[in-house]
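Q: I'm new to this one. Can you walk me through it?

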Amino acid sequence: MPSKKLRSKDRGAVPEKRRLEGRPRKAEGRLPPIEGPKLHQFVDFDGDLEFVQLLTDPESDASAHVFEVVIASKTYALKIFKYYDAEEANDILWGPQRDRAPLDQLDYYLDPFYNECRAYGRLVDTKLNGEVAVQCHGYLILPFRFQAKLEEEFGVNGWDQPSDLPLRAIVKDFVPEDTTWSPRVVGKILKDLKRMREHKIYAMDIKPENYKEGLLVDFSISITKPHFIFEIKPQHQVEGYKNQDLIAFDVMIQEQRVKTRRRAFPNMETKEKLRSYGKPVVEEEEDDEDM
């Protein structure tokens, strides 16, 4: 979600006892275990896998690292997620909003791992998996022994997890080629975004590096309904969340200089929205009835 600037007096810590809830120690059926879409477990894992190469910057502060791996003689992309600190919810929830949010379930709604589980769960349920985004094969809870291997071989650490919790990952098709931008590809991407929106998936983070061969590869900050954020935020912010993927699409094709008339918004509306695109959203204190 877009970042929010809060005054210090508005901040209040999420209760410590709630910060570690919702974090699996082993595979436990479909995740997350709350209302809404859920992703199945990857079934072809026998406890062993081969790490071929790291596909992301080991120094990146992004929410995950992606590896090319071989599992049961098949090549996949394995996206391993860092742990989400529920205290970051202080940048999203403030004042009376915390009283209306499901504080004991924040991980399930805000953790990038669960964001992807929810989005891909919906894509699987609607038979769009592999059509609008790179094919997902399920989630995987990695045995502890792999963590030391990742640090030793690839210099990757800093997963931000408590010592007793394993790493969590999502298994996807390995697609090595970047997108070749053309009017046809742009048209498909816009159509795909609209198809996902019809099923209440708001991808949010639309940019060239999140596409491989015209398919979306990242749902780490996506919002998939049902989601509490739509119930507690002012309507203008809700509309902002819902439209962010389309605004970002128009920015993307402009930056890629694709010769096409396709736009997510009519030109005048797009120009108006682009003036504020990328600027931090500053939440001012509002009356309770506007919450």
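**The largest pocket**

A: This is a predicted model. Start with the largest pocket: β3, β4, α2, α3 and β6 (168-173) each give at least two residues to its lining.

Q: Which element gives the largest share of that lining?
A: That is β4, with three residues.

Q: How much space lies in the largest pocket?
A: About 1400 Å³.

Q: How many residues line the largest pocket, and which lie nearest its centre?
A: The lining has 45 residues. Nearest the centre are Ala62, Ser63, Ala64, Asp218 and Ser220.

Q: What classes are in the lining of the largest pocket?
A: There are 21 nonpolar, eight polar and 16 charged residues.

Q: New topic, cavities. How many of 30 Å³ or more are there?
A: The count is one. The largest cavity holds about 30 Å³ of space.

Q: Which residues line the largest cavity?
A: Leu142, Pro143, Phe144, Phe146, Gln147, Pro166 and Leu167. By class, six are nonpolar, one is polar and none is charged.

Q: Now helix α4. Which of its residues are buried?
A: Helix α4 spans residues 145-154, and Phe146, Leu150 and Phe154 are buried there. Looking down the axis of α4, the buried residues fall within an arc of 50 degrees, so they line one face of the helix.

Q: Which residues are exposed on the other side of α4?
A: Ala148 and Glu152.

Q: And what covers the buried residues of α4?
A: The cover includes β2 (50-54), β3 (64-71) and β4 (74-81).

Q: What follows α4?
A: Gly155 does. Its phi is positive, near 70 degrees.

Q: Let's zoom out. How many helices and strands does the chain have?
A: Eight helices and eleven strands. The chain has 291 residues, and 50% of them count as buried.

Q: What share of the contacts with a separation of 6 or more comes from residues 24 or more positions apart?
A: Such residues account for 73% of those contacts in the chain.

Q: How many residues are in the largest nonpolar core?
A: It has 63. Leu93, Leu123, Leu193, Ile206, Phe219, Phe228 and Phe249 have the most contacts inside it.

Q: Which elements each supply at least two residues of this core?
A: They are α2 (106-110), α3 (112-125), β5 (136-141), α5 (183-198), β7 (201-202), β9 (215-216), α6 (229-232) and α7 (235-255). The largest share, eight residues, comes from α7.

Q: What other core lies apart from it?
A: One of 21 residues, with Leu142, Phe146, Val156 and Val171 among them. Phe146 is also one of the buried residues of α4, and Phe146 and Leu142 are among those lining the largest cavity.

Q: Back to Phe219. What does Phe219 touch, leaving out residues up to four places away in sequence?
A: Phe219 touches Asn115, Glu116, Ala119, Tyr120, Leu123, Ala133, Met196, Ile201 and Ala203.

Q: Last stop, Tyr211. Where is Tyr211 found?
A: In strand β8, residues 211-212.

Q: Buried or exposed, and why does Tyr211 count that way?
A: Tyr211 counts as buried because its relative accessibility is 3%, and buried means under 20%.

Q: What does Tyr211 touch, not counting residues up to four places away in sequence?
A: Its contacts are Thr179, Trp181, Ile189, Leu193, Ile206, Leu216, Val217 and Met252. Leu193 and Ile206 are also among the residues with the most contacts inside the largest nonpolar core.

Key: Residues are numbered from 1 along each chain as its sequence is written. This is a predicted model: local features need pLDDT of at least 70, side-chain atom pairs count only at pLDDT 80 or more; totals for chains, interfaces and linings use all residues. Side-chain values use heavy atoms; hydrogens and water are left out. On a 1 Å grid over the protein atoms alone, a cavity is a set of points where a 1.4 Å probe fits but cannot get out, and a pocket is an open set with protein on both sides within 12 Å along at least five of seven lines; lining residues have an atom within 4 Å of a point. Grid points are joined across faces, edges and corners, and a volume is the space filled by probe spheres set on the points. Ala, Val, Leu, Ile, Met, Phe, Trp, Tyr, Cys and Pro count as nonpolar, Asp, Glu, Lys and Arg as charged, and the others, Gly among them, as polar. Buried means under 20% relative accessible area, exposed over 50%, partly exposed in between (1.4 Å probe, protein chains only). Helices (H or I, at least four residues) and strands (E, at least two) are DSSP runs, numbered from the N terminus. The arc is that of the directions from the helix axis to the C-beta atoms. Contact means heavy atoms within 4.5 Å. A nonpolar core is a set of buried Ala, Val, Leu, Ile, Met, Phe, Trp, Tyr and Cys residues joined through side-chain atoms within 4.5 Å.
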